[in-house]
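Here is a short briefing to read alongside your viewer.

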Amino acid sequence: MSGPAVSLRAVAKTYWRGGQPVPVLTDISFDIQHGDFLALMGPSGSGKSTLLNLIAGIDQPTGGEIRVDDVDIARLSESELADWRARHVGFIFQFYNLMPVLTALENVELPLMLTSLNRRQRREHAQLALEMVGLAERVGHYPNELSGGQQQRVAIARAIVTDPTLIVADEPTGDLDRKSAGEILDLLDRLNGDLGKTIVMVTHDQRAAERAHAIRHLEKGELSALEVAVSRPVTSEREGGG
Amino acid sequence: MKFTNIPFHYIWRNLLTRKLTTLLTAGGMALVVFVFAAVLMLEAGLRETLISTGQPDNVVVIRKSAQTEVQSGVQRREAAIVESEPNIAVDAQGDKLISKETVVLISQPKKSTGRKSNIVVRGTGAKGLALRPQVVLTEGRLFRPGSSEVIVGRSIRDGFHGAAIGDSLRFAQRDWTVVGVFDAGKTGFSSEVWGDSEQMLQAFRRTAYSAVVFKLYDPSSFEAMKTRLEADPRLTLELKTETRFYADQSEALATFIKILGTVLSIIFSIGAIIGAMITMYAAVANRVGEIGALRALGFQRRAIMAAFLLESLLLSLTGGVVGLLAASTMQWFQLSTTNWQTFSELAFSFSLTSGITVRVLLFSLAMGFIGGFLPAARAARMNIVDALREG
Ligand SMILES: Nc1ncnc2c1ncn2[C@@H]1O[C@H](COP(=O)(O)OP(=O)(O)OP(=O)(O)O)[C@@H](O)[C@H]1O
Ligand SMILES: [Mg+2]
């Protein structure tokens, strides 16, 4: 793949509240390379989630251009965008957002309903994804029968089961204790290192951010001038340590 | 093409998860469906009973535009012309199966209340009984032609004074001796008094019969015969098959029941639709986060719309099936009413037909669709980011 995985040019986002414009992002331009693991940090209300949502194609910018794998997603129709997300983006949310009435396996199978896979293939793929996150024994469990960390692992399995190029995670460890958070970060590390997934993660947690290749800070609608490179510790050292 | 790519078990289990709400909402719909089904079954049962009163190959001849035999008059000369028709069946003895009948309403005190109630008195010819195989003499004997003897229907014997064998009924300034009792099943004849037609004409000082009834030799030629006789300038008569004749009599009551019942059902259904709507709005409100996640995963707005609509349709179909099952038990009950045209008592039951089943299930689905539409549209209209924030 030649160009960057994600490329933003002069991206702006303004919300309207009670007839008043609320500029959240003013002039954002940067690239994310294939295989990058980027952490977005910044104070609350600085627009981190907004930026992530724009990159993931669940929100539309009020200005500028967003290219993901050379597709100008700001120009896609809503319906095309939904199809695009189903094929290219894996979502990880702070509160997991699993379907409570579906088992772990059925939750992971859900995005595969939008593919041409048949029932048996869907089962196999979902099973494999759950094995990858270490939940092979929990396939038949409902979300309320799982711990927060386990639920987030199911959500990660759901995010990778369609084999997307880009994974977006909005505070994936925000609701977890330190040990579970460590496990989730290890997993993201593996997705990035072993499977080569491009990951964009919003976090408040400095420790979580340090697991990424790079950190960008958002403040008052603007991105920190420079990418802050972080010395990246070897994964194995972290394992078991949390 | 699938209705929605959201899995069916997601929709179904969401209904099961909120057991109480589902039960109450479906229960409300079941009640409405029950009422609607019961009314349609009542109407069907009434029509069936009145239609079974008649024989399809019997023809009733009455005066043009007369609704009933009581209102009708057929002159002797007209009756003779009809009798000379070749297309009339004959019995083993070679006699034509035709009966010139005199039908009069009289008033007699009822056993139960002591108050007077209307009874149909039918003067028949010799073949009156042979024309109606559903009428069976169960006690005593037939009246002798030319005498003041009568036989009475089972309901008359049970319901009125002086109607047992050996008793005599007084009407038209004569005493009529009861010599027999007949059973005509669920048909209207069970509520009649039968005697000799010529005697009735004399006693009631009439010059014209009320109707002529005959059995067709060739039922397929009825239409041609009807056209010809009704156009005959010597006659002012109308021909109907007996089945049609009684069906027409039931029309007014059946239509009334149907209209009243449908109006009631529609009014009740508004309540049930509002119930479904509240339930589905609550379901949507409780699952905002799930809706946001589904949309983020790539499910289209129309898939969300379809999923919630399907949920509402399932809810109402459940209610519909329960209501229909409850209504089907009504088939075991018997009802009676007054036939508005002859004012004789009429016994009938609820009847569940396949047409009613289909209509009732469509009705329940319509309630689910109307009740679920706005909530489903709200779910589909949600902004993904807002839904994810709220949830
Ligand atoms: N739909 C909306 N309408 C109006 N204003 C909005 C809307 N969504 C977000 N905002 C505003 O945009 C700003 C940025 O929101 P955003 O959720 O991106 O912040 P954040 O950096 O993710 O914060 P946090 O760390 O608290 O999650 C906030 O001031 C917020 O109030
Ligand atoms: Mg945020």
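Two strands count as paired if DSSP finds at least two bridges between them. With that in mind, this predicted model shows P23(A) in β2(A) as the bridge partner of T14(A). The notes below start with the sheet in chain A, move on to the ligand site, and end in chain B.

**The sheet of chain A**
- Four strands of chain A make up an open sheet in the order β2-β1-β4-β5, and their pairing is antiparallel.
- The edges are taken by β2 (20–32) and β5 (71–72) of chain A; each has a single partner strand, so one side of each is left without a neighbour in the sheet.
- Strands β1(A) and β2(A) run antiparallel and are joined by nine bridges.
- These two strands, β1(A) and β2(A), form a hairpin with two residues between them, and G18(A) in the turn has a positive phi of about 55°.

**The site of ligand 1**
- Ligand 1 has residues from chains A and B around it, so the site is shared between chains.
- There are 15 residues around ligand 1, and those that come nearest are S44(A), K48(A), S49(A), T50(A) and R389(B).
- From S44(A), a polar side-chain atom lies 2.5 Å from an oxygen atom of ligand 1.
- For T50(A), an N or O atom in the side chain is 2.5 Å from an oxygen atom of ligand 1.
- G47(A) takes part through its backbone, with a polar atom 3.0 Å from an oxygen atom of ligand 1.

- Chain B divides into domain 1 (3–51 + 249–390) and domain 2 (58–215).
- Between the C-alpha centres of domain 1 and domain 2 of chain B, the distance is 49 Å.
- Look for S265(B) in helix α7 (residues 242–286) of chain B.
- S265(B) has 0% relative accessibility and therefore counts as buried.
- Beyond its neighbours within four places in sequence, S265(B) is in contact with V32(B), V35(B), F36(B) and F363(B).

Note on methods. Residues are numbered from 1 along each chain as its sequence is written. Chains are lettered from A and ligands numbered from 1 in the order in which they are written. This is a predicted model: local features need pLDDT of at least 70, side-chain atom pairs count only at pLDDT 80 or more; totals for chains, interfaces and linings use all residues. Side-chain values use heavy atoms; hydrogens and water are left out. Domain bounds come from an automatic or database domain assignment. Buried means under 20% relative accessible area, exposed over 50%, partly exposed in between (1.4 Å probe, protein chains only). Contact means heavy atoms within 4.5 Å. A residue is near a molecule or strand if one of its heavy atoms lies within 4 Å of it. A polar contact is a pair of N or O atoms within 3.5 Å; within protein, one must be able to donate a hydrogen and the other to accept it, and residues adjacent in sequence count only if both atoms are side-chain atoms.
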